[in-house]
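Reader: Hi! I'm new to protein structures and would like to learn how to read one. Could you walk me through it?

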Amino acid sequence: MPKKTIQKEKPSHDTTKDTNTNPKYWGRKNVGYLIDQLQQHHGVRFTKEQLKGSAKLKKQELIEMIKGKLGI
């Protein structure tokens, strides 16, 4: 008799859209989270040069982009 396997639902590891309008809140988030929010939920595309190397976007620049998208 073959063994029956139980199928579990795969968890969603995707982030939810964060719409917090407090500027201090965004200042406490790490750069990876800011980039993720901009890419997945606000449609911003980044090139490799913008994310790596000496000319990469700084945290404050990413926060300003989010503020612009959220209208803060």
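Author: Happy to! Let's begin with a term: a salt bridge is a side-chain nitrogen of Lys or Arg within 4 Å of a carboxyl oxygen of Asp or Glu. Keep in mind that this is a predicted model.

Reader: How many salt bridges does the structure hold?

Author: The general idea is that side chains of opposite charge can pair when their charged atoms come close. Here there is one salt bridge. Lys 67 forms it with Glu 64, and their closest N and O atoms are 3.7 Å apart, so the pair meets the 4 Å cut-off.

Reader: How are Lys 67 and Glu 64 placed in helix α4?

Author: They sit three residues apart in that helix, so about one helical turn separates them. As for the surface, Glu 64 is partly exposed, because its relative accessible area is 42%, and exposed would require over 50%.

Reader: Is Gly 68 buried or exposed?

Author: Gly 68 is exposed: its relative accessible area is 59%. This glycine also belongs to helix α4, which covers residues 59-70. Between Gly 68 and Lys 3 there are 55 Å in space, C-alpha to C-alpha, and 65 residues in sequence.

Reader: Which residues make up the largest nonpolar core?

Author: That core has 10 residues, including Tyr 25, Phe 46 and Val 44. Helices α1 (23-27), α2 (31-42) and α4 each supply at least two of its residues.

Reader: What does Leu 34 touch?

Author: Leaving out residues up to four places away in sequence, Leu 34 touches Trp 26, Lys 29, Lys 59, Leu 62, Ile 63 and Ile 66. Leu 34 is itself one of the core residues, as are Trp 26 and Leu 62.

Notes: Residues numbered from 1 in each chain as written. Predicted model: local features only at pLDDT ≥ 70, side-chain atom pairs only at ≥ 80, totals over all residues. Heavy atoms only, no water. Helix = DSSP H or I, 4+ residues; strand = E, 2+ residues; numbered from the N terminus. Buried < 20%, exposed > 50% of the residue type's maximum accessible area, 1.4 Å probe, protein only. Core = buried A, V, L, I, M, F, W, Y, C linked by side-chain atoms within 4.5 Å. Contact = heavy atoms within 4.5 Å.
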